[in-house]
Amino acid sequence: MTDQRDVPQFAVVPGAAVHQALQGDERELIDLVEQAYLLHGAGSTVNPPSYFLRFPDRPDARIIALPASVSDPVGVDGIKWISSFPANLAAGLPRASAVLILNDPRTGFPYACLEGSIVSAARTAASAAVAMRAMTGQRRTTPRRVGFVGTGLIARYIDRYLRALGWELDEIGVFDLVASSASGFAGYLRGAHPGAPIVVHRSAEELLENSDVVVFATTASAPHVGAGRWLEHNPLVLHVSLRDLAVDVIDSVVNVVDDRNHVLQANTSLHLAQQAHEGVDPAAATLYDLLTDRFTIPVDRPVVFSPFGLGVLDLVVGDHVFRVARERGEALTVDRFFFDMQRHSAPDGSGPPTES
Ligand SMILES: NC(=O)c1ccc[n+]([C@@H]2O[C@H](COP(=O)([O-])OP(=O)(O)OC[C@H]3O[C@@H](n4cnc5c(N)ncnc54)[C@H](O)[C@@H]3O)[C@@H](O)[C@H]2O)c1
């Protein structure tokens with residue numbers, strides 16, 4: 001929130017400053033995102049459905065608007081505007097790009113525009129870590145084998161935030177439809193986890209069978225993994241990409257979601273399961289239920305966490321990043337961004353004289 005009510009200021013926070021503000025901050029960010037979930041569960045947020053802008057001539061592409069509001073003690077309104085253009089990868093550009101606008105809840109004035117893709121990736125990864133911390137805490141286990149299906153930017157951020165949980169891993173698995181993506185990510189993991197063997201699997205099922213924790217971070221638009229023996233050891237699954245698991249998997253696991261109203265739309269695996277079963281909500285619990293001990297996950301069933309991704313998380317993380325960047329002098333204030341502020345007199349004295 002801005003500190004000056006009389007003179008609204010507007011700042012731009014470039015990606016380099018966002019990156020810097022989040023360096024070495026993983027545990028603090030995980031705690032911050034957990035607080036955001038608690039505020040959301042307690043009803044202290046407004047988080048309407050995301051709006052998906054699609055294009056008839058570019059069916060793969062979309063831009064999503066995520067408006068939201070978080071009450072005190074955070075106190076921020078705003079919107080994330082995030083594009084997904086998968087064809088960018090072939091041109092050497094990231095698939096996703098975004099801006100995040102923060103508004104002052106006292107005046108409505110926007111006070112910052114942040115590069116949004118780093119905030120988005122960090123809040124997604126931190127929310128995966130919040131869920132994993134809660135689930136492994138309830139099970140009283142420390143995973144030894146983690147696997148990643150889909151090895152893009154989000155997988156890299158999730159690895160970074162899971163590392164902050166301090167697990168000592170015996171093995172890390174990777175699988176991607178694109179071999180160069182799997183090998184590139186394996187190379188990154190070798191540097192990030194010295195000493196832990198990195199195994200590149202031949203299929204998602206093989207990876208599942210050999211992992212205690214599985215992260216789905218693909219761009220699959222339809223389910224590609226069905227039920228089978230690969231779930232018999234009751235793994236914990238972070239289904240971040242939401243559309244990987246077939247209805248028979250959703251039916252056979254314990255489903256935890258971030259927000260029931262959000263995740264049951266846009267052809268997510270849970271949405272497909274709901275449609276297949278006459279509208280019955282397949283989710284057993286929300287993450288809020290786990291965080292507040294209203295629900296305990298079983299040890300003898302696989303558990304799948306499917307987070308739709310809430311705009312409130314972007315706002316909480318974005319406001320934190322803005323404050324850090326401002327303290328460091330890295331938020332670029334745009335002089336005279338808000339102009340022509342007097343209702344009846346033009347700023348340069350032009351226009352007809354005002355009647356006395
Ligand atoms: N739930 C949330 O809050 C949230 C937030 C951000 C991103 N996401 C999702 O995370 C996913 C990953 O994002 P990213 O930026 O890392 O994408 P990316 O394009 O950088 O990487 C995705 C990878 O998945 C691979 N892939 C696609 N289909 C596959 C399949 N069937 N099996 C194995 N690999 C497959 C691709 O080859 C690619 O390497 C996207 O679906 C995105 O929408 C979810």
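Colleague: What separates the centres of domain 1 and domain 2?

Modeller: 24 Å, taken over C-alpha atoms. Domain 1 covers 10-119 + 311-334, and domain 2 covers 129-306. Such bounds come from an automatic or database domain assignment. This is a predicted model: local features need pLDDT of at least 70, side-chain atom pairs count only at pLDDT 80 or more, and totals for chains, interfaces and linings use all residues. Residues are numbered from 1 along each chain as its sequence is written, and side-chain values use heavy atoms, without hydrogens and water.

Colleague: How many residues does each domain bring to the contact?

Modeller: Domain 1 brings 20 residues and domain 2 brings 18 residues. Contact means heavy atoms within 4.5 Å.

Colleague: What is the area buried between domain 1 and domain 2?

Modeller: About 1800 Å², with 59% from carbon and sulfur atoms. Buried area is the accessible area (1.4 Å probe) that two parts lose on being put together, summed over both. In domain 1, Glu 26, Ile 30 and Tyr 37 lose the most area to domain 2, together 33% of what that side buries.

Colleague: Why is the meeting of Arg 160 and Glu 26 called a salt bridge?

Modeller: The rule asks for a side-chain nitrogen of Lys or Arg within 4 Å of a carboxyl oxygen of Asp or Glu. The side chains of Arg 160 and Glu 26 meet at 2.7 Å, N to O, so the pair qualifies. Across the interface of domain 1 and domain 2, the rule finds 3 salt bridges.

Colleague: Which helix gives the most to the side of domain 1 that touches domain 2?

Modeller: Helix α2 (residues 26-41), with 11 residues. Helices here are DSSP runs (H or I, at least four residues), numbered from the N terminus.

Methods: Helices (H or I, at least four residues) and strands (E, at least two) are DSSP runs, numbered from the N terminus.
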